[in-house]
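Biologist: I would like to learn how to read the features of a model like this one. Please show me the structure and take me through it.

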Amino acid sequence: MTLDTAAASKGTVDLPAHCEVLVVGAGPAGSACAQVLAQAGVQTLLVDAANFPRDKTCGDGLISDAHAAFERLGVHAQVMAQAHVIEFVRCVGPTGRHVDIAGTLAVLPRLKLDHILVRSAQRAGAQLVTPWRLQALLKDAAGRVSGGRFKRAGEVRDVQARHTVLATGASAQALAVSQMGDESAPSAFALRGYIQHTGMVDKIPHLEVVWHPRLKDGYGWIFPCGNGVFNVGVGYGTKSLRNGQIKNKKNLHAMLEDFAAVHSGAGELIKNGILEQPFKGAPLRASLRGSRWTAPGLLVTGEAAGSTYALTGEGIGKAMETGMHAAEALIMAHRQGAADDALHAFYTQSLEQLKPKYAFYEKANMANSYPWLVELVIRKATKSASLRQRLSQHLQEEVSTRPLTLGRVLRHLWA
Ligand SMILES: Cc1cc2nc3c(=O)[nH]c(=O)nc-3n(C[C@H](O)[C@H](O)[C@H](O)COP(=O)(O)OP(=O)(O)OC[C@H]3O[C@@H](n4cnc5c(N)ncnc54)[C@H](O)[C@@H]3O)c2cc1C
C-alpha cells in the first residue's frame with residue numbers, strides 16, 4: 001500500500017507505546033516539524049485529534065513566508081497547482097479609498113492545504129495516527145515530559161517519547177492540559193464562511209481587507225478561493241493596546257452584519273451569494289506570546305507558541321517556520337546527544353530571531369483600533385510609490401534589519 005492511499009492519509013488508529021519524537025497536532029506547524037524530523041532519520045510520531053482531510057477555520061490567505069516554507073518542504077508546486085494565485089492585497093479605508101500592495105500571494109482552503117502538508121510529512125517517514133486527543137502530558141520521576149496521554153471515544157492510551165512537541169494551534173484545551181499557557185485568553189477571535197458568487201469574480205480578484213469605525217478593533221476580509229468561491233470573514237483583537245487588558249467580547253455575527261453594511265462587496269456576497277459553509281468562529285494566538293516555549297522534554301511550536309502575526313492574523317507561514325525550527329533544534333540534540341538546556345537555548349534563540357518581524361505587526365496593530373489612521377496611511381500611500389514599495393517589502397518580509405515602525409510611517413506621512 002502506498003502512502004498516497006486515502007487510508008494512509010487519514011492516519012492509522014493504533015497508537016504505538018513508544019517513539020523518539022512525539023508531535024501533537026498535525027496542522028502546518030506539526031506537519032512541517034514532523035517532516036523535517038523524519039527526513040533527518042528521526043523516528044517521528046504525529047498525532048492529531050482529527051482525521052484528515054479536516055477543515056480549519058481560517059482566511060486561507062498565503063503570504064510570502066508560507067511560500068518560502070512550501071519551497072523548503074518541497075510542496076510548493078503541489079500547493080500552487082491547487083491554489084488560487086493573487087497579485088495584490090487591497091487595503092480599504094473607512095471612506096472606501098484604497099491602496100493596492102503587491103506581493104507573492106495565494107489562497108487555498110485549509111481542507112486541501114493541511115492535507116498536502118500532512119501527506120508530505122507521511123511521505124518523509126513520519127507516522128500519522130488519528131483521531132486521538134491529548135489529555136495530559138506524561139512526566140518522569142524528575143518531572144521531565146516523557147510523552148502524552150491520549151483519548152479516543154472511551155479509550156485512553158499512553159505514548160512514551162524522548163521528546164514531545166506541542167503543535168496544537170490556538171486550542172485552549174491543549175495549552176491547559178499541558179500547563180504551558182501563560183494566558184488563557186487568545187489574542188483575537190475571528191469568524192469565517194465560504195460564499196459562492198460568480199458575479200463577484202471580476203470585481204474582487206485580489207485579497208481585500210477593510211477597516212472601518214464600525215469594525216473598530218478589527219477588520220473584515222474577502223479572499224477569493226477560485227471557482228467563484230470567496231472566503232469572507234471578520235475578526236477583532238481581544239486586548240487593549242494601551243494596557244494589555246482584556247476588552248469586552250464582541251459579537252462576531254453583529255460585526256459581520258456591520259461589514260455587509262459598510263462595504264458593498266461584502267454586502268453583495270453576504271446578501272446575494274450562496275453560503276457554502278456556515279460562518280464559524282475561532283481564536284488566534286499572536287506575537288509569540290501567551291505560552292512558554294519550552295519545558296524539560298517539551299517544545300511548544302506554531303500557534304500554540306503564539307506564532308501568528310497580530311494585525312493581519314496571518315500565521316500559516318510562521319507556524320511552518322517555527323515548526324521547522326523546533327525540528328532543527330531536536331535534530332541538533334539528537335545528533336550531538338545535547339541535554340535539554342542546549343536544546344532549549346537553540347530553539348529559543350531561533351524564535352527570538354523572528355521577534356523583529358512580530359514587532360512590526362504588533363505596532364501596526366494599532367490600525368485596527370484607529371481606522372482613520374489607516375485612511376491617512378492609504379491617502380499617503382496612493383500618492384507615494386516609495387511608501388507602497390515599503391509596505392510591499394514588509395508583506396514580502398524583505399525588510400528585516402530596519403523595521404517600518406508606526407513612528408516611521410507617521411514621520412513619513414507628515415514629512
Ligand atoms: C478565522 C481565522 C482566519 C485566519 N486567516 C488566516 C489567513 O488568511 N492566513 C494565515 O496565514 N493565517 C490565518 N489564520 C491563522 C492560522 O489559521 C494559524 O496561524 C495556523 O492554523 C496555525 O497553525 P498550527 O499548525 O500552529 O495550528 P493549527 O492549524 O490550529 O493545527 C493544530 C492541530 O492540532 C490539533 N489539535 C488541537 N488540540 C489537540 C489535542 N488536544 N490533541 C491532539 N490534536 C490536537 C488540531 O486538530 C489541528 O489539526 C487565521 C485564523 C483564524 C481563526
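Biologist: Is Glu362 buried, partly exposed or exposed?

Modeller: Burial is read from relative accessible area: buried means under 20%, exposed over 50%, and partly exposed in between, with a 1.4 Å probe and protein chains only. Glu362 has a relative accessible area of 26%, so Glu362 is partly exposed. Before going on, note that this is a predicted model, in which local features need pLDDT of at least 70, side-chain atom pairs count only at pLDDT 80 or more, and totals for chains, interfaces and linings use all residues. Residues are numbered from 1 along each chain as its sequence is written, and side-chain values use heavy atoms, with hydrogens and water left out.

Biologist: Which side chain does Glu362 meet in a salt bridge?

Modeller: In general, side chains of opposite charge can pair when their charged atoms come close. The criterion for a salt bridge is a side-chain nitrogen of Lys or Arg within 4 Å of a carboxyl oxygen of Asp or Glu. Glu362 pairs with Arg289, at 2.7 Å from N to O. This pair links distant parts of the chain, 73 residues apart: Arg289 lies in the loop between strand E14 (274-284) and strand E15 (294-295), and Glu362 in helix H11 (residues 355-364). Arg289 has 48% relative accessibility and therefore counts as partly exposed. Helices (H or I, at least four residues) and strands (E, at least two) are DSSP runs, numbered from the N terminus.

Biologist: How many salt bridges does the structure hold?

Modeller: There are 21. One of them joins Glu155 and Arg157, with the closest N and O atoms 3.1 Å apart. Glu155 is partly exposed at 28%, and Arg157 is partly exposed at 27%. Another joins Lys355 to Glu352 at 3.5 Å between the closest N and O atoms. Lys355 is partly exposed, at 36% relative accessibility, and Glu352 is partly exposed, also at 36%. Elsewhere, salt bridges that share partners connect Asp65, Lys318, Glu321, Lys357 and Glu397 in one network.

Biologist: Which residues of H3 are buried?

Modeller: The general point is that an α-helix has 3.6 residues a turn, so residues three or four places apart point the same way. Helix H3 (residues 64-73) is mostly covered, with seven of its ten residues buried. They are Ser64, Asp65, Ala66, His67, Ala69, Phe70 and Leu73. Just after H3, Gly74 has a positive phi of about 75°.

Biologist: What do the buried residues of H8 pack against?

Modeller: Packing is read from contacts, meaning heavy atoms within 4.5 Å. In helix H8 (residues 264-272) the buried residues are Gly265, Ala266, Gly267 and Leu269. The buried residues of H8 pack against strands E10 (188-196), E12 (218-226) and E13 (229-237), and against helix H7 (252-262).

Biologist: What radius of gyration does the chain have, and how does it compare with a compact globule?

Modeller: The radius is taken over C-alpha atoms, and the globule rule is 2.2 Å times the number of residues to the power 0.38. For 415 residues a compact globule would have a radius near 22 Å, and the chain agrees with 21 Å. Its C-alpha atoms fill a box of roughly 60 × 45 × 40 Å along the principal axes. The chain has 15 helices and 16 strands, and buried residues make up 56% of the 415 residues. Of the contacts with a separation of 6 or more, 70% come from residues 24 or more positions apart.
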